[in-house]
Amino acid sequence: MEEIDLRSDTVTRPTKGMLQAIMTAKVGDDVYKEDPTVNELEEKLAKMFGMDQALFFPTGSMANQAAIKLHTQPAEQLICDKWAHVYNYEGGGVSFNSGVSCKLVDGDRGMITAAQVEENINPPDFYHSPLTSLVCLENTTNKGGGACYDLEEIKKIRKVCNTHNLGLHLDGARLFNALQAKGESPKEYGKLFDTISVCLSKGLGTPMGSVLLGNKDIMKNAIRVRKVLGGGMRQVGFMAAAGIYALDNNIHRLDDDHKRAKEIGAVLSAQSYIATVETIETNIIIFYLKDVSQEADFMKSLQKENIRISNMGQGKLRIVTHLDYPEEMHQKFLEVLKTITL
Ligand SMILES: *Cc1c(COP(=O)(O)O)cnc(C)c1O
């Protein structure tokens, strides 16, 4: 029986079309900036977001870490939500790579407000506390279950950043999910942020790669920082070709992932063993069993059907829909959920 892997949208494998694009890519040494396909991908994304420059990175973590380095000096502080990926899931890189601390904000599903940003800025002339220099937002939020920011709130945060001379970075690992769900355009985001990282290997389905976007001034040192972090790559146009293919073919289909996520949520909500399903805005479903002690049994019932999901601990379970979860698998999964009894 074919495995149904719903742990993450990173488990996808390249499709035939994407493999074809990879196989036929023109490549060169990207450390010399001589890989035509990497250059094409970077130009394509910069244009899409209306930003000056883009730089290809092996991972989203490295793109975020480079951005934080570009915005800060050691001993400074950035403001982010307590659930932020940059704080929780990048191995402590904020302190290791940039010598910066995080002021954690108690936001809503991973999202913070302009008022919260303002409250958390240390007074710049009070030299006892770290100098606040950067705000990091995440859209969609990972730990927040794929929640999307309200663009109006981001505009307010931008204003606060302008008033207090703070940089504004977006961890947009799943930004295309947010744009698609909200009907927003990349250019609206390009106007509001100093830097944006986007992942090509999540919902867009490439084997690897993220891109950091930014305006000229801030990006001036980006290639040097990438080198320092060990992210200079050679004939990586093969992977950039997958990225170009993904941008051309895999953005609109994110709607399917969102639709299926909502359908899974509806079926889960109707099951007697489920306590709550969090609001589903994109491709992530977070839910809780009524009885946490039944978790192992629940996971076992799924395993028997060759279905994998994530257990995030403390009764929190997660399902993520993606490119390698087509309609027939979806129908099968819904049937399995309806037959489980705990
Ligand atoms: C996946 C992800 C990243 C980057 O992860 P990598 O595995 O390093 O590519 C960054 N931010 C968020 C919110 C993510 O979900």
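1. Let's start with Asn-306, which is partly exposed at a relative accessible area of 27%. To find Asn-306, go to the loop between α14 (295-304) and β11 (307-308). Its backbone deserves a look: phi is positive, about 65°, although Asn-306 is not a glycine. Do keep in mind that this is a predicted model.

2. Ala-75 is the next stop, and here too phi is positive, about 80°, in a residue that is not a glycine. Ala-75 sits in the loop between α3 and β3 (77-81). Is Ala-75 buried or exposed? Its relative accessible area is 57%, so Ala-75 counts as exposed, the cut-off being over 50%. As background, most residues other than glycine have a negative phi, and most peptide bonds are trans.

3. On the subject of peptide bonds, check the one that joins Asn-139 and Thr-140. That bond is cis, with omega at about -5°. Thr-140 belongs to the loop between β5 (132-138) and α7 (151-164).

4. Now for the ligand. Which residues surround the ligand? The set is Thr-59, Gly-60, Ser-61, Asn-64, His-85, Glu-90, Glu-138, Asn-142, Asp-171, Ala-173, Arg-174 and Lys-202. Sorted by class, this shell holds six polar residues, five charged ones and one nonpolar one. Helix α3 (residues 60-71) is the biggest giver to the shell, with three residues.

5. Gly-60 takes part through its backbone, with an N or O atom 2.8 Å from a ligand oxygen. Asn-142 uses its side chain instead, placing a polar atom 2.9 Å from an oxygen of the ligand. For Lys-202, a polar side-chain atom is 2.8 Å from a ligand oxygen. As for cover, the ligand on its own has 380 Å² of accessible area, and the protein covers 83% of that.

6. In soluble globular proteins, nonpolar side chains tend to be buried together.

7. What does Phe-176 touch, not counting residues up to four places away in sequence? The answer is Leu-45, Met-48, Phe-49, Val-198, Leu-204, Leu-247, Ile-251 and Leu-254.

8. Have a look at Arg-260 as well, in helix α13 (residues 254-269). With a relative accessible area of 10%, Arg-260 is buried, because the cut-off is under 20%. Leaving aside neighbours within four places in sequence, Arg-260 is in contact with Arg-253, Thr-321, Tyr-325, Pro-326, Glu-327 and His-330.

9. Last one: Gly-183, in the loop between α8 (175-182) and α9 (186-192). Gly-183 is exposed, at 67% relative accessibility. How far apart are the C-alpha atoms of Gly-183 and Ile-307? They are separated by 32 Å, and the two residues lie 124 residues apart along the chain.

Methods
Residues are numbered from 1 along each chain as its sequence is written. This is a predicted model: local features need pLDDT of at least 70, side-chain atom pairs count only at pLDDT 80 or more; totals for chains, interfaces and linings use all residues. Side-chain values use heavy atoms; hydrogens and water are left out. A residue is near a molecule or strand if one of its heavy atoms lies within 4 Å of it. A polar contact is a pair of N or O atoms within 3.5 Å; within protein, one must be able to donate a hydrogen and the other to accept it, and residues adjacent in sequence count only if both atoms are side-chain atoms. Accessible areas come from the Shrake-Rupley method with a 1.4 Å probe; for residues, only the protein chains shown count as cover. Helices (H or I, at least four residues) and strands (E, at least two) are DSSP runs, numbered from the N terminus. Ala, Val, Leu, Ile, Met, Phe, Trp, Tyr, Cys and Pro count as nonpolar, Asp, Glu, Lys and Arg as charged, and the others, Gly among them, as polar. Contact means heavy atoms within 4.5 Å. Buried means under 20% relative accessible area, exposed over 50%, partly exposed in between (1.4 Å probe, protein chains only).
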